[in-house]
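Here's a walk through the model, taken one region at a time. Keep the structure open and follow along.

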Amino acid sequence: MSESQDPTSPEGAKQRVWDPIAGFGVTFRTMFKKVVTEQYPFEKLPTAPRFHGRHQLNRWPDGLEKCIGCELCAWACPADAIYVEGASNTEDERFSPGERYGRVYQINYLRCILCGLCIEACPTRALTMTNEYELADDNRADLIYEKSDLLAPLLPGMEQPPHPMRLGDDEGDYYRGTTR
Ligand code: SF4
Ligand code: SF4
């Protein structure tokens, strides 16, 4: 045992007196610092711009969906939180440019860890993440978000699918950005 650890030594006695003073010194200094308590949920502060929040399924400017139902996001997810069922577009009923679209799309926020691997895997930038972080609920079922919960809202100039491709002759025009 060193001298400073021996409570009966002069060094140990000095520490017994000094340690509480140093400890209360921290408390005393903190009393005069600005309080950092955040008043959530009464005051909501913006997140960092790249904060990973709720997902969004994006649209092309004519309203068609960018998701092609490829399931790459589901395969990339380490938490098995995404479920996708693709289906084929037809000329009478088109939801996305190209051959396929996501008929069923679900994200289970009971599992999701908001890591962002799914959005990295998406080949069409259909899937991105918003800054929305209020993902709590009082039942499990409502935390499984359906496609209708995740789809981006229709902006002015967009039309609710199904409808034909308005911006190009084929999906290549959409993917290459040569839309009219
Ligand atoms: S953010 Fe991560 S955990 Fe959540 S769905 Fe995407 S890949 Fe899965
Ligand atoms: S969101 Fe992207 S990766 Fe997932 S199914 Fe749709 S196109 Fe594929």
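Let's settle one term before we start: a residue is called buried if 20 or more other C-beta atoms lie within 10 Å of its own, exposed if 12 or fewer, and partly exposed in between, with C-beta atoms placed from the backbone. This is a predicted model, where local features need pLDDT of at least 70 and side-chain atom pairs count only at pLDDT 80 or more, while totals for chains, interfaces and linings use all residues. Residues are numbered from 1 along each chain as its sequence is written, and chains are lettered from A and ligands numbered from 1 in the order in which they are written.

First, the overall layout. The protein splits into domain 1 (1-36) and domain 2 (55-176), with bounds that come from an automatic or database domain assignment. Taken over C-alpha atoms, the centres of the two domains are 58 Å apart.

Now go to the cysteines. An unreviewed UniProt entry lists C67, C70, C73 and C122 under "binding site"; UniProt positions follow the numbering used here, feature names are shortened, and annotations may be inferred rather than shown by experiment. These residues span 56 residues in sequence, yet no two of their C-alpha atoms are more than 10.4 Å apart, so they gather at one spot. Look there for ligand 2: it is surrounded by 14 residues, and the closest are C67, C70, C73, C122 and L127. To be near a molecule or strand, a residue needs its C-beta atom, placed from the backbone, within 6 Å of it. The shell around ligand 2 is made up of 10 nonpolar, three polar and one charged residues. In this count Ala, Val, Leu, Ile, Met, Phe, Trp, Tyr, Cys and Pro are nonpolar, Asp, Glu, Lys and Arg are charged, and the others, Gly among them, are polar.

Is C73 buried or exposed? C73 counts as buried because it has 24 C-beta neighbours inside 10 Å. This cysteine lies in helix α2 (residues 72-76); helices (H or I, at least four residues) and strands (E, at least two) are DSSP runs, numbered from the N terminus. Setting aside residues up to four places away in sequence, C73 touches I82, C118, A121, C122 and L127, where contact means that two C-beta atoms, placed from the backbone, lie within 7 Å. C122 sits in the loop between α3 (117-121) and β4 (127-129). With 19 other C-beta atoms within 10 Å, C122 is partly exposed. Under the same exclusion of residues up to four places away in sequence, C122 touches L72, C73 and L127.

Ligand 1 has its own set of residues. There are 13 around it, and C77, C112, C115, L117 and C118 come nearest. By class, that shell has 12 nonpolar, one polar and no charged residues.

Next, trace the sheet. It is an open sheet of three strands in the order β2-β3-β5, with antiparallel pairing; β2 and β5 are the edge strands, each pairing on one side only. Strands pair if DSSP finds at least two bridges between them. Two bridges link β3 to strand β5 (residues 144-145): I107 has Y145 as its partner, and N108 stands opposite I144.

D62 shows how the chain comes back on itself. You'll find D62 in the loop between β1 (55-57) and α2. D62 and L154 are 92 residues apart along the chain, but 9.1 Å separate their C-alpha atoms. Leaving aside neighbours within four places in sequence, D62 is in contact with M158, E159, R166 and L167. D62 counts as partly exposed, with 18 C-beta neighbours inside 10 Å.

Most residues other than glycine have a negative phi, and most peptide bonds are trans. The bond from Y40 to P41 is cis, with omega near 5 degrees, and P41 is in the loop between α1 (10-31) and β1. The bond from P161 to P162 is also cis, with omega near 10 degrees. L114, which is not a glycine, has a positive phi of about 55 degrees and lies in the loop between β3 and α3. R125 is not a glycine either, and has a positive phi of about 55 degrees; R125 is exposed, with 9 other C-beta atoms within 10 Å.
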